[in-house]
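Here is a structure to explore, one piece at a time. Have a look at it first, and then read on.

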Amino acid sequence: MAGEVRVIEDKATPIKKEWEEYARKGNWTVKGYEIVRAPSGPGKIEESPEAEYMVIYRPHGVLYHHSYGLVSKFFKGLIDRKFLGTKCPKCKTVYCPPRVHCWNPACRVAETKWIELPLKGKVHTFSVMLFSAEAFLEMLPFVLGYVQIEGADTALPVQIVTAPTDVFVGQKVNIRFREERKGDLMDIYALPAKGQTVPEDSCLHANKKNIQDLNRDLENTYEFLNKRFGIKKADVKKRWKAK
Amino acid sequence: MDALINAYFLIKSGQFDLILVAGWEWMSEVDTATTNEFIASASDTDWDFTVGGFYNGYYAALETRHMQLYGETIDDLGRLAVRNRNNAVHNPFSQWRAEHGKGYVTLDDYYKDRIIAWPYRRWNCALISEGACCLLMGSEKAAKRLADNPMWIAGVGLGTDSMRPGDRLADWAYHGVYKADEKRYPVKYGKLKTPYPEMANFGFAREAARQAYAQAGIRNPLKEIDVAELFAPYDGVELCLYEDLMFCPRGEGKTLIREGVVEREGELPCQLSGGLTAFTHPVGATSLLQTLFLHWQLAGLIRKKLGDATLQVKNANKAITTGHGGTGCQGGVIIYSRD
């Protein structure tokens with residue numbers, strides 16, 4: 001029937017079932033509380049009188065779902081080891097991340113064509129992450145990169161698997177697929193191509209102190225990983241070895 | 001910021017005479033890593049968040065790009081972090097002072113602080129805050145009737161950019177619009193379809209500032225504006241905004257820092273409140289709080305409100321504030337005037 005959503009491939013039912021349990025556990029009811037004394041009233045904190053408060057603890061478990069829309073093809077491609085972008089037939093701009101319609105006003109929302117892209121590119125910019133959102137803490141320390149894929153005109157966010165002190169803008173990287181692929185950008189990672197030297201003007205390497213300080217705080221990160229997750233420094237370093 | 005600009009247009013339309021604009025945020029119900037996760041869920045969750053990014057990371061990557069192109073250093077970012085703290089100690093409403101007391105800090109202290117997302121240390125990043133603020137906005141007639149020290153809106157502007165920062169390498173909305181800035185892009189770092197703003201600058205701010213300056217009749221913002229409270233959740237954002245708000249040419253943000261222009265005694269003091277990294281950043285109230293602070297500046301009320309006149313800019317007449325959403329995906333500029 002027109003307008004109907006038909007499921008063609010179902011890889012969701014198990015997680016929907018599994019999540020029911022978390023949704024019940026995370027049902028917003030109060031599971032614990034504390035009574036505290038803290039400042040009260042308007043004005044400056046240091047001049048505020050104290051009052052007694054009840055602080056409640058309650059969990060929340062959610063399973064989100066949404067469609068990738070017309071760029072679904074890109075993510076399904078990742079699962080199938082295909083690396084895709086799109087190309088505007090009019091202005092020839094190559095988009096990776098893809099756009100289904102060209103946003104160059106001259107092209108009048110032209111529909112783009114899907115093309116296969118080479119598994120290589122160069123680092124447009126990066127950040128060395130020593131703290132992150134809860135979901136990614138165990139992956140620390142990692143390099144968040146924006147990589148311009150060869151032939152593409154835009155930059156794709158992708159993790160760069162390297163020792164954090166080695167990354168630089170303009171570094172050539174190869175895109176690799178992970179063994180286990182789920183249909184998101186973590187299905188791929190970037191691995192620096194061999195035989196490159198850090199250019200003299202690399203902003204991270206411009207100053208010895210930058211690297212010294214980064215190494216100091218990498219040690220802090222290893223300590224955190226060990227304490228929180230029991231992950232050893234040696235195992236973190238193994239992640240960066242070419243596979 | 002959007003609430004302020006919407007209220008401005010509603011009052012201008014003649015439909016409303018008075019509007020109470022209220023903003024608040026409560027950000028510590030979950031631990032810091034989860035707070036970051038929730039904030040990051042306001043970013044592009046399909047294209048940016050999945051690779052382990054959160055705002056500190058995205059903005060750090062933007063700053064890395066700017067740093068590579070235009071040569072500012074960690075020292076420059078450190079100077080802003082130190083300045084914000086040394087301003088915030090004179091602001092009794094600041095989170096920094098509540099947590100760390102009234103002592104000044106130095107660049108050496110900054111270097112001891114922990115790197116969160118290189119090139120940013122913790123001190124370069126916005127606070128996680130709780131806070132609220134209300135502002136009463138009204139027509140000219142209402143303001144004259146009700147307010148002792150009204151502050152006037154001289155100009156507003158709004159701008160947008162792509163949701164995904166990586167798209168800004170082929171950023172058609174800005175293609176050929178700011179040619180001088182495109183020329184200041186060092187081509188050795190890769191030929192791009194649209195060299196401005198790419199991932200180094202904020203096109204939305206440039207566009208919003210252009211509109212606001214035109215309305216306010218401002219030709220030379222550095223000379224004509226007396227005080228600024230910029231929406232800079234990261235210190236590199238502030239540096240880039242100097243360029244996009246046309247305080248200086250593209251690539252010269254670092255010079256304003258090095259020459260002390262944006263310090264307390266400088267030609268255009270910025271973030272006297274301590275800014276988002278030392279005063280407070282309860283997201284839904286931040287722009288209201290920055291506006292309130294500018295009102296105290298223009299009305300000469302700093303000593304009365306803070307019990308200390310250190311942060312008072314003498315005889316300030318024009319002020320600027322900016323707002324900012326996503327990774328610079330949209331935002332606004334407001335010019336305030338005392339007279």
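A bit of housekeeping comes first. This is a predicted model, so treat it as one: local features need pLDDT of at least 70, side-chain atom pairs count only at pLDDT 80 or more, and totals for chains, interfaces and linings use all residues. Residues are numbered from 1 along each chain as its sequence is written, chains are lettered from A and ligands numbered from 1 in the order in which they are written, and side-chain values use heavy atoms, with hydrogens and water left out.

## Chain A as a whole

Chain A has four helices and 10 strands. Helices (H or I, at least four residues) and strands (E, at least two) are DSSP runs, numbered from the N terminus. Chain A is more spread out than a compact globule, because its radius of gyration is 24 Å, well over the 18 Å that the globule rule gives for 243 residues. That radius is taken over C-alpha atoms, and the rule is 2.2 Å times the number of residues to the power 0.38. Along its principal axes, the C-alpha trace of chain A spans about 65 × 65 × 40 Å.

How much of chain A is tucked away? Of its 243 residues, 40% count as buried. Buried means under 20% relative accessible area, exposed means over 50%, and partly exposed is in between (1.4 Å probe, protein chains only). Chain A exposes about 14500 Å², and carbon and sulfur atoms supply 54% of that. Such accessible areas come from the Shrake-Rupley method with a 1.4 Å probe; for residues, only the protein chains shown count as cover.

Next, contacts, meaning heavy atoms within 4.5 Å. Take the contacts in chain A with a separation of 6 or more: residues 24 or more positions apart account for 56% of them.

And charge? Chain A has 40 positive and 30 negative side chains, and the centres of the two sets lie 6 Å apart. Here Lys and Arg count as positive and Asp and Glu as negative, while His and the chain ends are not counted. The place of a charge is taken as NZ of Lys, CZ of Arg, CG of Asp or CD of Glu.

The size of an interface is often given as the accessible area lost when the parts come together. How much area do chain A and chain B bury between them? The value is about 4800 Å², with 61% of it on carbon and sulfur atoms. In chain A, the residues that lose the most area to chain B are A:Trp103, A:His124 and A:Phe131, together 13% of what that side buries. Buried area is the accessible area (1.4 Å probe) that two parts lose on being put together, summed over both. As for contacts, 59 residues of chain A touch 55 residues of chain B.

A:Thr162 sits in the loop between β8 (155-160) and β9 (172-177) of chain A. Is A:Thr162 buried or exposed? At 7% relative accessibility, A:Thr162 counts as buried. Beyond its neighbours within four places in sequence, its contacts are A:Val143, A:Val167, A:Pro192 and A:Trp240.

Over in chain B, B:Gly328 is in the loop between β7 (318-322) and β8 (330-337). B:Gly328 is buried, with a relative accessible area of 1%. Leaving aside neighbours within four places in sequence, B:Gly328 is in contact with B:Tyr59, B:Asp161, B:Arg168, B:Phe202 and B:Phe204.

Now for some backbone angles.

| Cis peptide bond | Omega |
|---|---|
| A:Leu140 and A:Pro141 | about -15° |
| B:Tyr196 and B:Pro197 | about 0° |

A:Pro141 is in the loop between β6 (120-129) and β7 (142-149) of chain A, and B:Pro197 is in the loop between α8 (179-183) and α9 (203-216) of chain B.

A:Val109 is not a glycine, yet its phi is positive, near 55°. A:Val109 lies in the loop between β4 (94-95) and β5 (113-116) of chain A and is exposed, with a relative accessible area of 56%. B:Met246, also not a glycine, has a positive phi of about 65°. B:Met246 is in the loop between α11 (235-244) and α12 (253-258) of chain B, and is partly exposed at 28%.
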